Amino acid sequence: MGTVSVLEKLNMKNCCECGNEVPEIVFKQNDGLCATCAQKAAQQSHLSKPGCPMCDGKRYINFVWAGSSAARYPELSKYPKHIVRKQDLKMGSLWECQICHHKWYLDYSGSTMHQVPKDREEILDRWSAKPLKLSPELLKVLAQIGATPPDIFGNHTNEIVVPCRVQTKEGVVFDPAIVSFQRLPPIEYWQKNIHLIDEIETIQASESALPAEVRVATSEADEVRMGFAPTIVLAPHGTRFCLNWTTNLFIHPTIKAGSIRVAASVRYDSSIQHVSALEADVARFIGDWQDELVSLRLKTKTPRRPSPFKLISTGPIS
Ligand SMILES: [Zn+2]
Ligand SMILES: [Zn+2]
């Protein structure tokens, strides 16, 4: 150990900013600064760079714009200088960065700015142009299927989601599909197959949708470790599967979703097969949020927390 400390001593430098001793390797990495001063400098250079998170390198897909939580993120305070209002939409408003001309959407609450992906500008226009509501007949079918509740952490609080089979007015069948009455317009980048509910002709139950009691159980699942909120379910013949977080669908070559039940014993072991329904690719039909549609949701035992806010950073966006 003595030898090591002598070697380290030989390789120390002084931070050009504060004068504190730093190992030479850190000094070189940070262009002559200690880690603390380097971090301060990075923050300064970010603050002095004009633009929005799309063009200043931050890569947030949403961020706090106003309201009580804005004070918790002082680094965001420069954006109102560069992002300007273009027009009001059906709900919320459209904004644009004056530097890179990327579009931003200020949501229903007026507190959060959301990035509008380039390929969503057209559907955002269509979404805003008219009310998107379903006939009472179609709502009746959705009520029979039941909307999957938000989870206990408040994720999905701002959408009312029903897994189903949809046939469009053009005669195209989407099975499974998801009907979503939501407060946000169709701008969420992870959803890859977006439609509006005015395209819908008929709705039926889908053979890929999990039974109501299984969907409710997944929405009640607790997070037992980071990113893992399991529900153990049982197929006929006793095969067990593990679903993670709120789950609408079960797609399997031989096992029908309708035959899945919640397992009586929740004991978890590593032999249980994990199934994740990749809902990103499932056709999603977006309609307008209406408070009375909350009644479509299946009943739950546990109260839900308010919707959580997370600053989400995406890395490079093409
Ligand atoms: Zn320093
Ligand atoms: Zn920009």
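# Contacts, sheets and cores in a predicted chain

User: What share of the contacts in the chain between residues at least 6 apart in sequence join residues at least 24 apart?

Analyst: The share is 69%, where a contact means that two C-beta atoms, placed from the backbone, lie within 7 Å. The model is predicted, so local features need pLDDT of at least 70 and side-chain atom pairs count only at pLDDT 80 or more, while totals for chains, interfaces and linings use all residues. Residues are numbered from 1 along each chain as its sequence is written, with chains lettered from A and ligands numbered from 1 in the order in which they are written.

User: Which strands stand at the edges of the 5-stranded open sheet, and why are they called edges?

Analyst: The order is S10-S16-S9-S8-S11, with mixed pairing; two strands pair if DSSP finds at least two bridges between them. S10 (194-196) and S11 (200-204) each have a single partner strand, so one side of each is left without a neighbour in the sheet. From one strand to the next the twist averages 45°. Angles run from 0 to 180 degrees between N-to-C directions, with axes fitted to C-alpha atoms, for helices over the stretch in contact.

User: Why is Trp245 called partly exposed?

Analyst: Trp245 has 18 other C-beta atoms within 10 Å. Buried takes 20 or more, exposed 12 or fewer, and partly exposed is in between, again with C-beta atoms placed from the backbone; the value of 18 therefore makes Trp245 partly exposed. Trp245 sits in the loop between S13 (240-244) and S14 (261-262). Among residues beyond four places in sequence, Trp245 touches Asp151, Thr218, Ala221 and Ala229. Asp151 is 94 residues from Trp245 along the chain, yet their C-alpha atoms are separated by 7.8 Å.

User: What makes helix H6 mostly covered?

Analyst: In H6 (residues 212-219), 6 of the 8 residues are buried, namely Val214, Arg215, Val216, Ala217, Thr218 and Ser219. Their cover includes S12 (230-234), S13 and S14. S12 and S13 run antiparallel with 5 bridges, and Thr231 has Leu243 in S13 as its bridge partner.

User: Which residues have the most contacts inside the largest nonpolar core?

Analyst: They are Cys164, Val166, Ala177, Val179, Leu210 and Phe285, in a core of 31 residues. Such a core is a set of buried Ala, Val, Leu, Ile, Met, Phe, Trp, Tyr and Cys residues joined through C-beta atoms within 7 Å. S8, S9, S11, H6 and S16 each give two or more residues to this core. Val166 touches, among others, Phe174, Ala177, Ile200 and Phe285. A second, separate core has 19 residues, including Cys52, Ile83, Trp104 and Met113.

User: Which way do the residues of S7 point, and are they buried or exposed?

Analyst: From S7 (residues 112-115), Thr112 and His114 point one way and Met113 and Gln115 the other, and all are buried. S3 (residues 60-64) runs antiparallel to S7 with 3 bridges, and Phe63 is the bridge partner of Met113. S6 and S7 form a hairpin with 5 residues between them, and Gly110 in the turn has a positive phi of about 70°.

Notes:
Helices (H or I, at least four residues) and strands (E, at least two) are DSSP runs, numbered from the N terminus.
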